[in-house]
Amino acid sequence: MLHSADDEGKKLRRVLSSLIDKSTTRNHLLQIHAYLAALGLRENGFLITKFLNACANVGETRYARQVFDEFPDPYVFLWNAVIRGYAKHNLFDAAVRLYSRMQMARVSPDCFTFPHVLKACGEMLSLRVGKFVHGQIFRRGFHDDVFVQNGLVAMYCKCGEVELARVVFEGLSDRTVVSWTSVISGCSQNGQSMEALRLFSQMRLCSNVRPDWIALVSVLKAYADLDDLNQGKSVHACVIKMGLEVEQDLVVTLTAMYARSGQVGTARSSELASVECDDIWACKAWISGERFGAFQNNDS
């Protein structure tokens, strides 16, 4: 009988877990939360953590916070779920404030906490808080965690501290595509085009790392800033070879690169012309290209 009751309890939790995963609206969440309350499971950490993540996935950050605040003595996974939700929906100040409250509650952050907090610091350009979090990462022994370190690289780049980002990057024993992309993008965005291209060349020598579209956007921007259209064209060929020619951000960057070189016709006659311009930045890039081309024609 005892085993039977235990099996039924496990089966019920699996069913509820599946329902939470399939939730797509606030109404779904309200119904599930009512079930949890009726079954006395509102303090089941596993189910409530999943519930908080489901809230974040459908944008119900306030509801997630309400459920979180009702949970007695929440542990790290619950804190992470709410912080993640805030960061996911650009509520960066709320994410940092909840992290601060987590510290006051003497709950130790883990490797899943820091990337979301670092993202919030970077988006807020809060270098002071970012450095404080970096210190905590070091003290708590997460200096070898690649996901946490990638977060640090991205945060320092966002805050314009490329040299600090490089220090973190150089200390990485396992450099993933995210590591390379973060530091390359950081250099490109902060006016260090030559350094971005040097790092990209190093990246291409790594047999286990394949550039993604984000890295290619940064490389194209660097070549555009250096007015090196020939190399930019070689990257365009790489984009086509990788099947990324319909990626919207690449379309915008390629169009802008050709426009700066006065070769809007090249952009129009290439694969770019077949991409629907359904993004405001893509439209602006086309318009800028037309104006730049007209200016060059009049000037000549």
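The chain exposes about 16,200 Å², of which carbon and sulfur atoms supply 53%, with accessible areas taken from the Shrake-Rupley method with a 1.4 Å probe, where for residues only the protein chains shown count as cover. This is a predicted model, in which local features need pLDDT of at least 70 and side-chain atom pairs count only at pLDDT 80 or more, while totals for chains, interfaces and linings use all residues. Residues are numbered from 1 along each chain as its sequence is written, and side-chain values use heavy atoms, with hydrogens and water left out.

The chain has 17 helices and 0 strands, both being DSSP runs numbered from the N terminus (helices H or I, at least four residues; strands E, at least two).

| Chain property | Value |
|---|---|
| Buried share of the 300 residues (buried: under 20% relative accessible area, 1.4 Å probe, protein chains only) | 46% |
| Share of contacts (heavy atoms within 4.5 Å) with a separation of 6 or more that join residues 24 or more positions apart | 62% |

Helix α2, residues 26–38, reaches 18 Å from its first C-alpha to its last, close to the 18 Å expected for its 13 residues at 1.5 Å a residue, the expected span being 1.5 Å times one less than the number of residues. Its buried residues are L29, I32, H33 and L36; seen down the axis of α2 they fall within an arc of 100°, so they line one face of the helix. After α2 comes G40, with a positive phi near 70°.

Methods: Buried < 20%, exposed > 50% of the residue type's maximum accessible area, 1.4 Å probe, protein only. Arc of directions from axis to C-beta.
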